[in-house]
Amino acid sequence: MTKAADKKMLFEYLLRLGDNALVLGQQLSKWVGHGPELEEEMAMANFALDYVGQARMFFSYAAEIEGRGRSEDDIAFLRDCGEFRNFLLIEQRNGDFAQTIARQFLFESFYQFQLDGLSRSTDKRIAEIAARVIKEINYHLRHMRQWVLRLGDGTEESHRRLQHAFDYLWRYTGELFEADDIDVWAVQHGVGPNPEELLGRWKDYLENTLKEATLNRPEDGWMDSGGRNGHHTEHLGYLLADMQFLQRAYPGANW
Amino acid sequence: MTKQDWPLYEIFIRSRSGLSHRHVGSLHAADAQMALDHARDLYTRRGEGVSIWAVASRDIVASDPAESAALFEPAEDKIYRHPTFYEVPEGVENL
């Protein structure tokens with residue numbers, strides 16, 4: 001493969017990582033002012049900032065690789081839905097508190113294993129970012145896991161809501177473990193792990209927690225997919241309209 | 001549904017090894033584990049600590065302000081209890 005083709009692959013690979021982080025950062029920041037308790041709201045705000053920080057690291061590297069003079073802000077704020085590469089799971093609405101917890105738990109339990117692989121990347125910069133990010137995600141996951149246990153094994157109402165959230169979001173988890181040509185490229189070059197190989201560990205981790213929380217693992221059924229190729233659900237457009245409004249209305253606006 | 005406040009916890013942070021934990025404030029949490037997590041997010045965001053203690057506020061036994069005269073004033077005129085007759089060796093920072 002030519003060097004230019006490698007660069008294109010790496011750029012796409014970084015966009016996927018960065019878009020997951022950016023969209024989750026925006027999602028979690030929406031809990032500010034609406035959290036169940038002030039303390040929980042602070043936790044969500046911290047997590048949101050962690051994700052925005054991660055997005056910056058992935059995007060600034062992506063911008064360097066692309067070499068067309070775009071900044072991390074250009075990448076975050078001046079792309080439309082079809083150019084976003086995040087998983088469909090990521091863009092699903094916050095919903096009630098249980099749905100946010102279920103979404104975060106499903107993704108972050110996958111992300112921890114993905115980051116573990118990325119921390120051994122042959123690409124030094126990715127390995128460094130992953131080594132730093134994995135500490136943040138281990139803490140997020142600890143927090144989310146406790147909520148899964150609390151709500152699942154809590155009241156009848158909290159159990160029902162969380163089970164419903166897992167059942168609803170399950171259809172978006174298949175995509176996390178699909179390997180397409182970009183993943184194959186990443187595995188061949190030692191850049192990142194093969195998603196298909198993360199599935200076993202993820203299932204073990206998830207099933208253990210769900211069992212402890214007295215929740216049922218949802219039945220495997222039809223899985224939705226396509227976010228990484230720009231085919232998104234209706235939720236992403238609204239989210240981007242919010243997030244990108246300022247840069248769209250006042251191009252180049254600065255603090 | 002009635003809104004029920006989570007119980008209050010008092011938070012103590014050790015800022016670095018060798019120092020003792022100091023009271024930094026309080027917060028609400030559903031249980032002790034959550035109190036630790038919330039303390040981490042509220043009180044150690046800028047690298048303030050290496051260890052956290054959380055104590056349920058209801059477990060704290062406090063002295064009665066009405067008794068402060070009996071408790072504390074007798075110590076006021078006993079200056080010989082203060083270690084002011086010793087020289088503090090140089091280089092001792094945390095005495």
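Visitor: What share of chain A's 255 residues counts as buried, and what makes a residue buried?

Guide: The share is 42% of the 255 residues of chain A. A residue is buried if 20 or more other C-beta atoms lie within 10 Å of its own, exposed if 12 or fewer, and partly exposed in between, with C-beta atoms placed from the backbone. Bear in mind that this is a predicted model: local features need pLDDT of at least 70, side-chain atom pairs count only at pLDDT 80 or more, and totals for chains, interfaces and linings use all residues. Residues are numbered from 1 along each chain as its sequence is written, while chains are lettered from A and ligands numbered from 1 in the order in which they are written.

Visitor: Why is Ser26(B) called partly exposed?

Guide: Ser26(B) has 16 C-beta neighbours inside 10 Å, so it counts as partly exposed. Ser26(B) sits in strand E2 (residues 22–28) of chain B; helices (H or I, at least four residues) and strands (E, at least two) are DSSP runs, numbered from the N terminus.

Visitor: Which residues does Ser26(B) contact, leaving aside neighbours within four places in sequence?

Guide: Leu8(B), Tyr9(B), Glu10(B), Ile11(B) and Ser57(B). Contact here means that the C-beta atoms, placed from the backbone, lie within 7 Å.

Visitor: How do you know whether chain A agrees with a compact globule?

Guide: Check the radius of gyration, taken over C-alpha atoms, against the globule rule of 2.2 Å times the number of residues to the power 0.38. For 255 residues a compact globule would come out near 18 Å, and chain A has 18 Å, so the two agree. As for secondary structure, chain A has ten helices and zero strands.

Visitor: What makes a set of residues a nonpolar core, and how many residues has the largest?

Guide: The set must be buried Ala, Val, Leu, Ile, Met, Phe, Trp, Tyr and Cys residues joined through C-beta atoms within 7 Å. The largest has 69 residues, and Phe58(A), Leu89(A), Ile101(A), Ala102(A) and Leu162(A) are those with the most contacts inside it. Helix H5 (residues 97–118) of chain A gives the largest share of this core, twelve residues. A second, separate core has ten residues, among them Tyr9(B) and Leu27(B).

Note on methods:
Contact = placed C-beta atoms within 7 Å.
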